[in-house]
Amino acid sequence: QKALSALEWTGEIKNYDGDYLHINDSNFAGGKSNLYVEQTVTQEINTQKDGTIKKKITIEYKNPQGFGVWLNGINRDYVRFYVPQGSKLISAKGSEEQVGTTQDLGKTVFEAFVQVRPQNTRKLEIEYSLPLKPEGQYNLLVQKQPGAKDFHYIIKLNGKKVEDFKLDQDKEIHARY
């Protein structure tokens with residue numbers, strides 16, 4: 001376990017001194033529709049006058065394949081957003097159920113449920129405040145879900161795009177504002 005952990009092959013949720021995001025998707029459907037679903041994750045990070053940070057995360061889901069494609073069907077996705085402990089949910093849109101808030105593994109977790117039909121798109125959006133006051137230097141760790149596709153991420157800080165990448169491994173972002 002120690003050797004695999006040192007290689008970062010265990011998928012354990014990491015501790016991080018700064019902002020943190022890990023999106024965990026669980027397909028509850030009988031098929032393997034997650035093979036076809038693409039995601040674009042946009043993070044809009046805005047510093048407030050009091051030094052706190054508000055974030056809006058939008059996930060755009062797209063399944064371009066039809067029902068007749070092998071193992072494709074309705075993607076029923078239980079989504080968990082692992083964020084810094086103490087984060088407070090402000091609003092949520094696009095979840096089939098009310099977004100829940102729990103604590104797990106030293107993080108605050110926002111839980112949602114979305115369904116994406118073949119040849120359709122869906123949008124899930126959450127807005128929350130962070131318990132951090134970074135004072136001019138913003139640091140973020142985006143932790144990839146093991147085994148998940150390399151989804152597209154866009155990071156905006158105070159309206160300016162600072163990163164645009166495919167998440168193929170954990171990624172740290174450092175930006176001054």
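Visitor: Which residue forms a salt bridge with lysine 56?
Guide: Glutamate 44 does, and the closest N and O atoms of the two are 4.0 Å apart. A salt bridge here is a side-chain nitrogen of Lys or Arg within 4 Å of a carboxyl oxygen of Asp or Glu. This is a predicted model, where local features need pLDDT of at least 70 and side-chain atom pairs count only at pLDDT 80 or more, while totals for chains, interfaces and linings use all residues. Residues are numbered from 1 along each chain as its sequence is written, and side-chain values use heavy atoms, with hydrogens and water left out.

Visitor: Where do lysine 56 and glutamate 44 sit in the chain?
Guide: Lysine 56 is in strand E3 (residues 53-63) and glutamate 44 in strand E2 (residues 38-47), 12 residues apart. Strands (E, at least two residues) and helices (H or I, at least four) are DSSP runs, numbered from the N terminus.

Visitor: Is lysine 56 buried, partly exposed or exposed?
Guide: Partly exposed, with a relative accessible area of 23%. Glutamate 44 is partly exposed too, at 27%. Buried means under 20% relative accessible area, exposed means over 50%, and partly exposed is in between (1.4 Å probe, protein chains only).

Visitor: How many salt bridges does the structure hold?
Guide: It holds 9. One of them pairs the side chains of lysine 14 and aspartate 170, at 2.6 Å from N to O. That pair links distant parts of the chain, 156 residues apart: lysine 14 is in the loop between helix H1 (2-6) and E1, and aspartate 170 is in the loop between strand E11 (160-166) and strand E12 (171-176).

Visitor: And lysine 14, buried or exposed?
Guide: Lysine 14 counts as buried at 19% relative accessibility, whereas aspartate 170 counts as partly exposed at 25%.

Visitor: What does lysine 144 pair with?
Guide: Its side chain meets that of aspartate 150 in a salt bridge, 3.7 Å from N to O. Lysine 144 is buried at 13%, and aspartate 150 is partly exposed at 37%.

Visitor: Switching to pockets, how much space lies in the largest pocket?
Guide: About 270 Å³. Of its 16 lining residues, the closest to the centre are Asp25, Asn34, Ala148, Lys149 and Phe151. On a 1 Å grid over the protein atoms alone, a pocket is an open set of points where a 1.4 Å probe fits, with protein on both sides within 12 Å along at least five of seven lines; lining residues have an atom within 4 Å of a point. Points are joined across faces, edges and corners, and the volume is the space filled by probe spheres set on them.

Visitor: Which element gives the largest share of that lining?
Guide: E1, with 3 residues.

Visitor: Which residues line the second largest pocket?
Guide: Among them are Trp9, Lys14, Lys144 and Asp170, so residues of two salt bridges described above turn up there.

Visitor: What about tyrosine 78, which strand is it in?
Guide: Tyrosine 78 lies in strand E4 and counts as partly exposed at 22%. Leaving out residues up to four places away in sequence, tyrosine 78 touches Asn24, Asp25, Ser26, Phe28, Glu111, Ala112 and Phe113, where contact means heavy atoms within 4.5 Å.

Visitor: Which side chain joins tyrosine 78 in a polar contact?
Guide: Glutamate 111, at 2.8 Å. A polar contact is a pair of N or O atoms within 3.5 Å; within protein, one must be able to donate a hydrogen and the other to accept it, and residues adjacent in sequence count only if both atoms are side-chain atoms.
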